[in-house]
Each structure stands twice: as structure tokens, then as C-alpha cells.
Amino acid sequence: MQKMQGNYSVLADRMVWRSFLFVYALFLATVLFGAYQEGPDDAMRWVMVQDLLAGQGWFDAYQHRLGPGDGTLMHWSRLVDAPIAGIYALSAMVVPPDSALQVTAFIWPVLLAGLTLWTFAVTGAALGGRNGAISALVVGALTLEHYRKFDYFSFDHHNVQILLFAAALMFFVLRKAKPSAAGWLGVCLALSVSIGTESIVQVAIIAVFLAIDWIVTGTAARRRTMVFGAGLALTLLLASVATTGRQGFLFPSCDALTISVALPAGIAALCLCAAAWVGSGWSHWGRFGACLAIGAVTLGCAYAFAPYCLENPIADLPQDMRDFWLSQVAEAQNITVVLELHLGEAAALIAMSVITAVAALFFVRQSQDKMDYLLFLALIVTGFSMFLYQSRMMTFLGVSLVAVQAQMLRALYISYRTHGRTLSGLAMVGFVVCVSPKIGISVEKQLGRFARPSLAAPVAEVAQDSQNDGAACKAPQAYAALKNLPAGMVLVDFDFAAEVLRYTNHSVLAGNYHRNRAGIQAQIAVLRMDAYQAGPRLAALGVSYVLLCTAAPRTEFWDWASQGRGLQSQLAKGETPAYLSRIDGGEGAAFQVFQLAADF
């Protein structure tokens, strides 16, 4: 295996820099000229940033306009809000507010994308020299482009977590060559946990492998293990103090940097640091026993302070939320639903995951970097298992594949360059084409046309229509009529809640945010009950307005859920209960707006 040897430095390699700039420019072109879709989390993040810029307290983690009562205590970190707010504030000094938002919506995701691509390149160089770095840029760019987490207006925190995940892998493979790499690895893992816990399993696996490295290596790994533990614990402490108020920190939750997460992780880091300090000279079995003891202490701490964190994260969700809300959240569905809706993409990802896992096993046998490839293999297997359970883990699985796929591409290139065989060149091109699951989407479409040519056009039209349902109801002009009304609480489909908060000064009863449990349950109950009996319940909840998207993307679902008697079903049929009066939104309005009568 070719490695970064001698005096080679990826930073000094002009060929790698040229390749990086070329690939990054192509990626920027896809952002500038490609289509994008603002997700509800992107819109809600911008709402949080707007509130921060408008004077909401730094430690005030509430979204006061979401849900009944005082609002909803969100779990999103100011570590993401702050840089977005900073870019916007600086931009607003020289351009109008709308233009400042456009600048921010472009700069923030593409900056993160550039950093992520560079971490891929450095990891590839550490494992395979120049060819490894360039291969990693190619594979990494295709991966990031497919999962669309770095598009224009991508304010959601998942792109930051992807960067931290990729950086953590980079620092892991650099831990022997760079004395400070282990410390930065600890910082990356702590920041990832501080921002969100979606990737906490991957974070835990990387930390465990750092401990395994100490067990195997002993005294030679003493310093880097101590630096790792200290960096992880110190960053957790600083992030807790800097971003989490007392109320938020003591909130019993596993989805953010609370005591439930920070205390077990911090204790594990400090115990590992202490074990490396006193026990690096022990036998392998002694170090193994120390790590088992650390694991037991960590699990004991988690069980004492947050037993719910050791359970299924949706185990405590009420059944009505699972049936009538979570079942409609695309990213929460398992592999059966994904295969039904996205067969080609899912099949391509599954096939490539299996091939890459086999390649990782081969590299474990052939490479000197056995620990690195074992880590990649563990992440691939774990990510694949989690993807089968929940579709949103697809992105982290894809990122886990990059390092190994880059070395596969490097090996194919070397074979082609050495032997000059046409077959080797075709294999290399074919591999690049198959890296992105988009090939699965294309194959599925072509097979559909071949197998059912007469049905191909109608099927395509239906797919296109289902994608665009409700798109007009996310446009700024859709909220013009509502914006001119006195502030009040709005009942609107979960999918459009963030846009109401973004474009108006109204509040919403519920949105697609799991901590908004009271609002979600209340909205489910209202939409399932008899429309003509819902007036008193709406008044009790403080609802002033009801919005119905004219596209009504979920009408059939709520018609089924309410047995055809619910509020959304009746409004979609043009039947308005007496307690509601329609407000004219103008010809072709995206929303039908209804106001609750004053005597309710």
C-alpha cells in the first residue's frame, strides 16, 4: 500500500491543490446552477438565527412561537447559530437584508463543503499518497453532491456534523504522524455531540477505536490517548458553559448537549486519560481490563443520570404521534419504505456498501494501517445497520464509505497506469460512475421504461407531481395575506410551520419537531375529530387562524385518519364550519386562510 512517507506533505503538493480547486469549482457550479429545496429544518434554523439577531437571549433555547403555552424548548445548538448570524451581520453591513441572506445562504454551506472535501483529501493522502488524495476528492465530491447537504440555504446542522465526522476520521489516521491530531480528534467528537446526537453512535465507535489503539500499542500511544481524553473532556466543558444555560443543561434529554450526554461522555474521556497516564506500561490484558472498567463506569453513569438514553429513542413517543406524525416524516422511515419509494437509490447504496465492506476487509489484510481500515469497516457495518432502521442515516453511511472507496479507486488507477489495459481503465470509469447512488436512480428509470414502456410517461408524471405537491405553499408570497393579519396562533400542516414563523410574526400550534410534543398531539387530535365540533377545542388552544394549502398534499392521509370527517378533509371539499370565516387571499393564492370567530 502506498502511504504518505518520507518528507511528503499534502499541503505542499501542488498537484493535490490544483485537483482540490478544480473539484471544488465543479462542486460550486452544482450549487450555483443546480436546483435546491429548502427543508423545514433549514427554515427553522434561519428562524432561530433571526430571533437571536433580534435580541433573543443567547441561553434562551426556546422557540417561543412554536406550540401552546410558552413555546418549545429546542435542542439546537448556538454553535451553529453563531457563525450563520455572524456571516449575515457582516453581509448586512454592505448589502440590503435580502441580499445579505442570499450571501449567507451560499457562503455557509459551500465553506463547509470545501473544508469537508479537504479532510477527504488529507485522509486519502495519509492512506495512499498523492493518488489517494486525488481519488478521495473525486469520490468525496460525488458523495457530497448526491446527498445535497451543502446546497444553497442548507442551514440545518447535518452538514456541520458531516464535516466533523470527516475531520474526526482524518485526525484518527493522522494520530501517529501528528502529535496534536489526537487532541483535535477529541475536539471534533465533542463538538459533534454538542451540536447534535444523530451521529453519536459513530462518535462512540471512533472513541472506542482510539481506546483499542491504546490497548494494542501501549506506551507508544500514551501521550496521544491522554491528549485525546483531555481534548474531548475540555471541549465538552467549554461547549456546555458557552452555549447551554442551566435550564437547558439540566433538561432530561438525549438529543442535545445536556447533563444526560455531557456527564457520561466527559467521565469516559477523563477515565481514559487517567488510565493512559498510569497504565500504559501494563500488559495488554491490564489495559483491556482498564477499558472494560471505563466502559462499566460510563454505562453506570448513563444509567444513573439518563437511563432513557440507553433505550430506543422513539420508545417513549405516544402512539398517536407515531401513527399520525412520525409515519409521515420521510427521514424516520425504515428500509422497507425506502425501497418502496426509492428502490434504485437504496439498492445502489446497499450494493456499494457491501462491495466497500469487502474491500475494507481486503485492506485490513494487506495494509499496514489495519486499525484504520478496521475502524472504517466498523463504521460501514454500523452505518448500514442504522440505515436499514432509519433512512436519515443514509448520509452518514455514504460518508463512511469515502475513505475506502478512494483507495479502491486509487488501486484501479495504479493498475491501469501500470499495465495500460483497456479493461482496467473501463473498470476505473465504471467505479466512478457507480460511486454515487444516482446510478441506481437512472437504472431504475431505464428499466421501468424498458419493462413497461406504455406506463413510463404516466409514472414519471406522478413522481414529478408528488415531488412538487405543496411547493407553492413554501414561497414567500404565499404568506402575504396572513402577514397582514393581527398576530395569532396558526393551525397549519406540519410541513409549513417553519415558513409561517419565517415570513410572519404569527405563532404555530405544531411543526415537525419532536420536542413540540404537546403541540403535535393537540394538532393530531383536532385534525382527527369531527370538523363541526372542533371549534371549542381550537379556541381552548388559542388558535386564531387555520391555513389549508390549496395543493393539500396530505388530504388523503388526514381523510383516512379522521374517517372523512376531519377539519382538513372538510375544508379541502369546500365545506367551511360556522366557527370559521374565510379571508380572501387573492386569486390563485397558495393558501386558503380561515379565521376563528371571535365568540369562540
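This is a predicted model: local features need pLDDT of at least 70, side-chain atom pairs count only at pLDDT 80 or more; totals for chains, interfaces and linings use all residues.
Me: In which sense do β5 and β7 pair?

Reply: Look at residues 543-549 for β5 and residues 591-596 for β7. The two strands are antiparallel, and five bridges join them.

Me: Now a helix. How far does α22 reach from its first C-alpha to its last?

Reply: Compare the span with the length expected at 1.5 Å a residue. Helix α22 (residues 517-528) has 12 residues and reaches 17 Å, close to the expected 16 Å.

Me: Which residues of α22 are buried?

Reply: Buried means under 20% relative accessible area. In α22 the buried residues are G519, I520, A522, Q523, I524, V526 and L527. Their cover includes α12 (319-324), β3, α23 (535-541), α24 and α25 (567-572).

Me: Next, charged pairs. How many salt bridges does the structure hold?

Reply: There are 11 salt bridges. For each pair, check the distance, the place in the chain and the burial. Begin with D81 and R78, whose closest N and O atoms are 3.0 Å apart. Both sit in helix α3 (residues 78-92), three residues apart, which separates them by about one helical turn. D81 is buried at 0% relative accessibility. R78 is buried too, at 5%.

Me: What does the salt bridge of R175 and D213 tie together?

Reply: The side chains of R175 and D213 meet at 3.4 Å, N to O. R175 lies in the loop between α5 (158-173) and α6 (181-195), while D213 belongs to helix α7 (residues 200-217), so the pair ties together parts 38 residues apart in sequence. Both R175 and D213 are buried. The pair also belongs to a network of salt bridges that links R175, D213, R224 and D372.

Me: Where in the chain are R554 and D495?

Reply: This salt bridge brings the closest N and O atoms of R554 and D495 to 2.6 Å. R554 is in the loop between β5 and α24 (555-561). D495 is in the loop between β3 (489-491) and α21 (497-503). The two are 59 residues apart, so the pair links distant parts of the chain. R554 is buried, with a relative accessible area of 18%. D495 is buried as well, at 17%.

Me: Last, the cysteines. Which cysteines does the disulfide join?

Reply: A disulfide is a covalent bond between the sulfur atoms of two cysteines. The structure holds one. The disulfide joins C473 to C549, S to S 2.1 Å. The torsion about the S-S bond is about 90 degrees, so the disulfide is right-handed. C473 lies in the loop between α19 (456-468) and α20 (480-483), and C549 in strand β5, 76 residues apart. Both C473 and C549 are buried.

Conventions:
Residues are numbered from 1 along each chain as its sequence is written. Side-chain values use heavy atoms; hydrogens and water are left out. Two strands pair if DSSP finds at least two bridges between them. Helices (H or I, at least four residues) and strands (E, at least two) are DSSP runs, numbered from the N terminus. A salt bridge is a side-chain nitrogen of Lys or Arg within 4 Å of a carboxyl oxygen of Asp or Glu. Buried means under 20% relative accessible area, exposed over 50%, partly exposed in between (1.4 Å probe, protein chains only). The expected span of a helix is 1.5 Å times one less than its number of residues. Contact means heavy atoms within 4.5 Å. A disulfide is a pair of cysteine sulfur atoms within 2.5 Å.
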